[in-house]
Structures are given as structure tokens and as C-alpha cells.
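Please consult the sequence and structure shown below while reading.

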Amino acid sequence: MTKTWNSHNASDWLKHLDAVSMPDLLSRAEMMTVSGHGTIVTYSRKVFIPLTKLCRDVCHYCTFAHRPSELSAPFLEPGEVLEIARAGEAQGCREALFTLGDRPEARYSAARNWLADRGFASTLDYLAHVAALVLKETSLLPHFNPGIMDAQDYAILRPLSASMGLMLESSSERLCAKGMPHFGSPDKLPSVRLESIRLAGEAEVPFTTGLLIGIGETRLERIEALLAIRDLQERYGHIQEVIIQNFRSKADTLMRDTPDLPLDEHLWTIVAARLILGPDMTIQAPPNLRDGSLSQLVRAGVNDWGGVSPVTPDHVNPEAPWPHLEKLETETEAAGRHLRQRLAIGPAFAGDVTRWADPGLQTAIRRAVDTRGLVRENGWHAGAGNEAPHVMASIVTGRDPQIAVSLGLVAQGEELNKAQIARLFTAEGRDFEHVRAFANELREDRVGEAITHVVNRNINYTNICLYRCGFCAFSKGSTRSERGPAYNIDHEEIARRTVEAWERGASEVCLQGGIHPSYDGRTYRGIVEAVKAAVPQMHVHAFSPLEVHHGATTLGLSYEDYLVDLQQAGLATLPGTAAEILSDDIRAIICADKVNTQEWLSVMRAAHKVGLQSTATIMFGHVETYDHWAEHLLQLRTLQQETGGFTEFVPLPFVHMEAPNWRRGETRSGPTWRETVLMHAVSRIALDGAISNIQTSWVKLGPDGAAAMLESGANDLGGTLMDESITRAAGGANGQIFDVPQMQLLADGLGRPLRERSTVYGQRSGQLALAD
């Protein structure tokens with residue numbers, strides 16, 4: 001596509017579009033759509049609440065607007081609104097779409113009197129009242145189509161709605177002339193509508209707009225309207241979707257004899273919208289207005305079906321019922337795409353709710369969505385004790401070519417970049433199956449069939465901590481009192497637990513805890529010495545970069561000097577915790593006072609330099625994005641290529657139930673099952689040739705979840721633990737120990753051998769006698 005495709009001149013656009021054959025245009029649009037949205041087509045499960053069917057406009061094609069004499073009442077009563085909303089909630093709806101005519105009180109005394117009798121100054125005043133009721137009484141998120149609004153209206157209504165909308169319809173003033181469809185409708189003046197859409201951008205309202213085509217406009221005028229929308233989007237970034245709606249003639253309207261828009265014109269305009277608005281814009285077409293042609297709409301550039309209701313009719317197009325959701329899914333799959341549910345607020349905006357949603361709505365939005373901003377696909381949560389979901393093989397033939405290319409590069413020994421890694425996390429359907437199978441083949445090639453584990457014990461020596469990580473329910477002071485009192489275990493108890501672990505067959509103790517205000521660098525050395533005095537042969541796996549940083553700085557030592565001191569005391573390896581997400585913008589949100597990204601990496605670099613190997617982790621599923629996941633993996637890969645000191649990578653899904661930041665409504669509810677599987681698979685792929693071992697956490701996932709990860713690229717079950725307390729403090733349901741017989745049962749179920757390993761993945765040697 002030449003540079004002239006980016007011209008802002010509508011005539012140039014029309015010339016270029018007309019110069020390309022329709023098959024070529026469709027091919028370009030489809031490639032662009034898949035580039036921006038993958039193989040997903042979204043929809044919102046909604047109820048349609050026609051608050052009033054009165055309107056001061058007289059559009060010549062409209063059957064929604066009525067005269068007062070045709071209605072039993074000018075407005076729905078609050079009880080009627082709630083009845084509709086509750087019926088939708090019972091059917092799994094998440095959106096309450098409020099549709100109403102434009103300021104009917106300006107035309108009809110019946111509307112003015114009804115509002116005044118109930119103490120409301122305007123239709124928008126009443127809309128605010130009933131929307132607040134829906135928010136209070138149901139779990140639905142309102143979306144408003146209230147007509148023309150000014151800045152004050154947006155300020156009042158934004159706290160009560162997840163999104164709003166106003167169809168531009170057309171930017172042609174010609175259509176407002178006498179004899180044309182918008183004559184006599186003051187709110188349809190393009191300048192008025194564009195200003196209202198602009199004000200929504202200033203108010204940071206996620207916004208839906210679009211074109212109504214086939215009402216007498218020309219192709220050039222459609223392009224002019226699309227360019228006007230693009231200009232507003234480039235300025236404010238608030239347009240979450242653009243609807244390309246085809247005209248359907250209706251009886252009892254002035255345009256009843258106007259023919260319906262032909263399909264080829266609809267497809268041409270969708271293509272134009274995709275090419276003008278770009279790959280990332282969501283392009284919508286109502287599925288009930290093109291029955292039997294959905295595959296063609298998808299090929300032209302559609303990636304969203306809008307709101308579809310299992311409860312209420314389309315009051316704007318009552319002659320065209322919504323397709324049953326099963327039928328919509330079937331037709332979407334036939335187009336080679338996956339149907340996925342979204343909220344009233346679009347996925348990209350749901351992923352940035354701090355900017356795009358009122359604080360009162362942010363918690364509900366965050367808790368409902370996955371990392372992409374789409375509705376969570378099932379009720380599985382890490383640590384909750386849920387059974388691993390059974391994911392059926394996909395029947396959708398559509399594939400994401402970018403994912404296929406990336407896997408081909410890895411197969412040839414190439415390394416993936418950040419964008420390629422992030423794209424793998426979007427895999428759906430057959431792409432998901434392919435990524436998972438490819439990772440499992442890599443695992444078999446690199447480390448074989450054996451499932452490894454270490455027999456160890458966790459010793460969390462204190463839960464008192466100077467830091468206030470938002471996700472931590474373990475440290476004293478960040479959780480409820482019933483989680484237990486503060487404690488600080490003395491050296492005698494550390495020694496006792498070490499001896500007990502050795503007697504039960506452990507080869508390793510893993511020591512971590514809070515940053516106690518009285519601790520300094522000598523404290524950590526003393527802990528190591530207590531373990532080694534009790535059991536000289538015990539492998540001491542201890543202290544994340546946070547503890548090392550604290551110990552070194554309190555003694556005024558460099559990381560290297562301090563680590564050498566700990567090494568001489570008996571420290572053998574470091575756990576790779578405190579990594580969370582290695583991006584400082586995320587750390588500023590979830591652990592602002594903790595070591596930053598470069599400090600974490602610097603501690604690990606120093607450890608590897610002095611001969612201390614370590615693990616590496618990620619904690620995912622809270623406020624970060626797929627780009628952050630990819631960046632985290634790249635940081636680890638780069639350091640590993642420099643030092644070779646990482647023994648394994650451990651994905652740790654965020655366990656949300658008792659996490660303080662989740663309870664405050666500041667995070668999502670952990671990763672989804674699909675995302676958890678992909679984290680294990682994609683880490684195997686992205687770290688290929690750098691880190692050989694991928695560990696799965698039975699503590700976070702349970703035995704069946706861990707088994708699924710062992711078929712998705714992981715090869716290690718971690719440790720038996722004996723006294724896991726950090727995940728349990730966060731609300732995790734799995735037990736304190738996963739012993740060798742349980743691990744053997746899991747391995748047998750997968751038909752693979754189980755092998756005990758050392759901490760650094762060597763063969764476990766026989767135990768020696770305890771020291772005198």
C-alpha cells in the first residue's frame with residue numbers, strides 16, 4: 001500500500017479505493033484486521049432498555065421514535081427499568097444499553113410534565129437516576145446512547161456508564177436539506193454531532209460512533225465521515241468502535257420505498273473503514289441486519305458484532321431479531337474466527353481503566369476481564385482449588401499468520417522479539433493448541449520426558465515486613481487478623497525445622513521472609529549459619545534479590561561482596577522471587593517501595609558472577625499486559641545469555657482472593673486458564689536455548705493444573721515444600737505439602753517418569769549423617 005493511502009483527502013482515498021479490485025480490497029482488509037485483532041470477533045451480551053421512545057428529531061427512516069399518543073407512558077418507570085435489567089442479569093448479560101430519543105422534553109409537553117412531576121429537570125437527569133439504580137441493584141454496566149450532550153452532561157453521566165455512543169451517521173450537510181432524510185432533525189447536523197463526539201473525547205469517555213449507509217449519501221461522503229472520525233480518534237483516542245450499519249427500509253416511514261443497501265456496498269464501506277481507520281480500530285456491523293452474510297462481513301474487516309441480547313429485541317430494528325448466540329457463534333466460527341465476549345467498555349479501554357473509567361466502575365471492570373480486557377472465559381482462578389478446565393479442540397480453521405511465523409522462526413533456531421512474544425499470548429483455538437504442542441515438543445527435545453522435583457522445605461522465618469507490596473497477604477499488617485499473629489522465628493527453631501526436613505528426606509531448605517525492621521546483613525548470614533550448623537549437608541536456597549539488597553545496603557557492601565560473605569557462610573543458591581514483573585511502570589503500582597527492575601537484575605548478575613546460581617520467576621495476572629510479560633522474558637533471556645546462572649523459570653499466577661490490592665479493587669482476578677497455560681508454553685518457546693527448565697507451581701495450580709502445564713512445556717514440579725505459607729495467606733486452597741507418592745501418581749497419569757533432582761538439576765546424591 002503506497003503512502004497516498006494515508007492521505008487526508010477524501011477524493012484521493014476514493015480514487016485509490018476505486019482503482020483496486022474488490023477481491024484485492026477484501027484481502028487487504030482481512031490481513032489488516034487479523035494483524036490488529038487476531039482471530040477474535042467480539043460481542044457484548046446485553047439488555048436493551050428503551051428509556052423513552054420520544055424524540056425531538058424526525059429522521060425519515062426511524063421507527064424507534066413515537067408520538068406521545070402512541071405510547072402508554074413517555075418514559076419507563078424505574079421499576080420497569082430494573083425488571084429488564086434483572087432479567088438480563090439472570091441470562092448472563094453484562095451490559096445495560098440505554099437507548100433514548102434526543103431531548104424529547106424540548107418538543108413534547110407530555111415529556112416535560114412527566115419529568116417535572118417526578119422531580120427531574122431533563123431526560124438526561126432521569127437517565128442518571130435510573131442508571132444509578134441499575135448499578136446499585138445489578139451487576140450490569142450501563143452504556144448510554146443519549147443523543148447530543150455537552151461537557152457538563154458528560155461530566156454528570158460518566159460516573160454512571162462504562163461507555164457511551166452517538167452515531168455520526170454522516171458528515172454530509174446535504175442530507176439535512178429539505179427532502180433529505182435528516183431534514184427537520186436539528187440534532188443530525190454533522191457539526192453538532194462531531195462536536196458532541198469531540199467533547200466525549202475531552203471527557204475521556206470510551207465512545208462508539210459510526211455510519212448509517214444507504215440513506216442517500218455517496219461513497220465520497222462516507223469517506224469524508226470516516227476521515228472525520230479518524231481525525232477525532234487521532235486527537236483523543238476515545239473511539240472504541242466504529243459501526244458500519246446498513247440501511248433497512250421499514251414500513252410506516254417516509255423512506256419505506258427506498259431499497260435496502262446492497263451487500264456489495266456494505267462490504268465496500270467496511271473495507272474503506274478498515275483501511276482508513278487502521279488495524280487496531282474495532283469495526284462493527286450489526287449481525288441481525290445481514291443474516292447469512294456474516295462471513296463476508298468478517299472478511300471485509302468486521303471484528304465485532306456489537307451488543308446482542310438473549311432477552312430484549314432490537315428496538316431500533318424490530319423487524320430483525322437478534323441471532324441466537326449459539327447461531328452467532330457457529331457463523332463466526334464458519335468465518336474462521338472465535339467469538340469472545342466483551343464488556344460495554346471495549347477491551348483496550350478495559351485494560352486501561354484508570355484513565356477510561358470512573359473510579360466507581362473500575363473494580364467491577366477489572367474483576368470481570370482477562371489481560372486482554374475481554375470477559376474471563378470461565379470461573380477458574382489460580383489458587384482457588386478449581387479443577388483444571390477441559391478445553392475442547394477447536395473446530396475453527398482460522399489461524400493467525402503472525403503466530404505461525406514466530407513458531408517457524410523458533411524451529412529454525414531464531415530468537416523472538418518483544419512483539420512476537422507478546423503475540424503468542426493472544427493465541428486462541430488452533431493457535432493455542434499449536435503453541436501448546438510446540439512448547440511440549442521443545443520440552444521433550446531439550447530436557448526429555450522425565451518430570452523432575454526436589455524434596456525440600458520452606459522456612460518463612462518472619463512475616464513482619466517494612467515493605468507494603470500491594471499483592472502481599474503474607475506480611476503482617478497487610479491482611480486481616482485471622483491470618484495469624486506476627487512472628488519472627490529464632491535460630492533454634494530454624495535449626496529444628498532444618499533437622500526435621502533432613503530426617504524426612506529433604507535435600508534443600510528454601511528460606512524467605514519479610515524485611516523485618518531490625519534485620520541487617522548480619523541477620524541473613526546468621527540464618528544461613530544456623531541451617532549449616534544443624535545439617536552441614538543441607539543445600540541452602542535462600543534470599544531473593546530484595547533480601548540481598550537489604551542486607552548489602554545495611555552493611556554498606558556491594559552486592560558481590562555481600563553475596564561472597566553469604567556464600568562463605570553456606571548459601572548455595574538464590575530463589576528468583578521479588579521479580580514480580582520486570583517493568584518499573586508496573587512495579588510502581590504493585591510494589592513501589594521494592595527493588596526496581598535494574599536492582600533485581602543487578603543482584604542476580606552479581607550472584608551469578610560469584611558462582612551462585614538462581615531461579616527466575618514472574619508473578620502475572622494483576623495489572624500488567626502481554627507486552628510486559630514479553631519484556632520480562634526478554635530481560636531474563638538477555639541476562640542468562642550473559643551469565644548462564646538461571647537454573648529454571650517459574651511462572652507464578654497471581655492468587656487474588658486475599659491480596660490487599662485486589663480487595664481494594666485495584667487488580668484483575670489473576671490470570672485466566674488460557675493465559676496460565678500460555679505463560680508456561682510461551683516461556684518455554686521464548687527462553688529456548690537460554691533456560692532449559694520450566695517449573696510449574698502445584699501450590700498455585702493444584703495437581704491437575706500442574707499436570708496440564710507439564711503437557712504445555714513445563715518439565716519440573718518444584719519442591720514438596722512442607723509448610724508453604726505465602727500462597728495460603730493469599731487465600732490459596734492447596735495443601736502445605738505435595739509429597740513424592742503424590743507426585744509419582746501425577747507422573748504415572750501422564751505416562752512419564754518421575755526423577756528427584758538436586759536444587760541445581762543434578763542427580764540427587766545419598767544423604768549423609770547429621771553433624772554431631
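Rings of Phe, Tyr and Trp (its six-membered ring) count as a pair if their centres lie within 6.5 Å. In this predicted model, ring pairs join F75, W114, F120 and Y126 into a cluster.

**Aromatic pairs**

- The structure contains 18 aromatic pairs.
- The ring centres of W600 and F646 are 6.3 Å apart with their planes at 20°, so this pair is stacked.
- W600 belongs to helix α23 (residues 597–609) and F646 to strand β16 (residues 646–653), so that the pair links parts of the chain 46 residues apart.
- W600 is buried, at a relative accessible area of 0%, and F646 is buried as well, at 4%.
- For W698 and F738, the centres lie 5.3 Å apart and the planes meet at 40°, so the pair is tilted.
- W698 lies in helix α27 (residues 698–710), while F738 lies in the loop between α28 (726–729) and α29 (740–750), 40 residues apart.
- W698 has a relative accessible area of 4% and is buried; F738 is also buried, at 4% relative accessibility.

**Packing of α1 and α9**

- Helices α1 (residues 10–18) and α9 (residues 263–277) pack at about 120°, with axes 12 Å apart, and are therefore oblique to each other.
- The crossing of α1 with α9 is right-handed.
- W13, L14, L17 and D18 of α1 meet W268, A272, L275 and I276 of α9.
- This contact comprises seven nonpolar residues, no polar residues and one charged residue.

- H182 is located in the loop between β4 (163–165) and α7 (190–202).
- H182 is buried, with a relative accessible area of 3%.
- Beyond its neighbours within four places in sequence, H182 contacts C59, Y61, E169, L175, C176, K188 and I215.

Terms used. Residues are numbered from 1 along each chain as its sequence is written. This is a predicted model: local features need pLDDT of at least 70, side-chain atom pairs count only at pLDDT 80 or more; totals for chains, interfaces and linings use all residues. Side-chain values use heavy atoms; hydrogens and water are left out. Helices (H or I, at least four residues) and strands (E, at least two) are DSSP runs, numbered from the N terminus. Buried means under 20% relative accessible area, exposed over 50%, partly exposed in between (1.4 Å probe, protein chains only). Contact means heavy atoms within 4.5 Å. Axes are lines fitted to C-alpha atoms, for helices over the stretch in contact, and angles run from 0 to 180 degrees between N-to-C directions. Angles under 35 degrees count as roughly parallel, over 145 as roughly antiparallel, 65 to 115 as roughly perpendicular and the rest as oblique. A crossing is left-handed if the near helix is turned anticlockwise from the far one by less than a right angle, and right-handed if clockwise. Ala, Val, Leu, Ile, Met, Phe, Trp, Tyr, Cys and Pro count as nonpolar, Asp, Glu, Lys and Arg as charged, and the others, Gly among them, as polar. Rings of Phe, Tyr and Trp (its six-membered ring) pair if their centres lie within 6.5 Å; planes under 30 degrees apart count as stacked, over 60 as edge-to-face and the rest as tilted.
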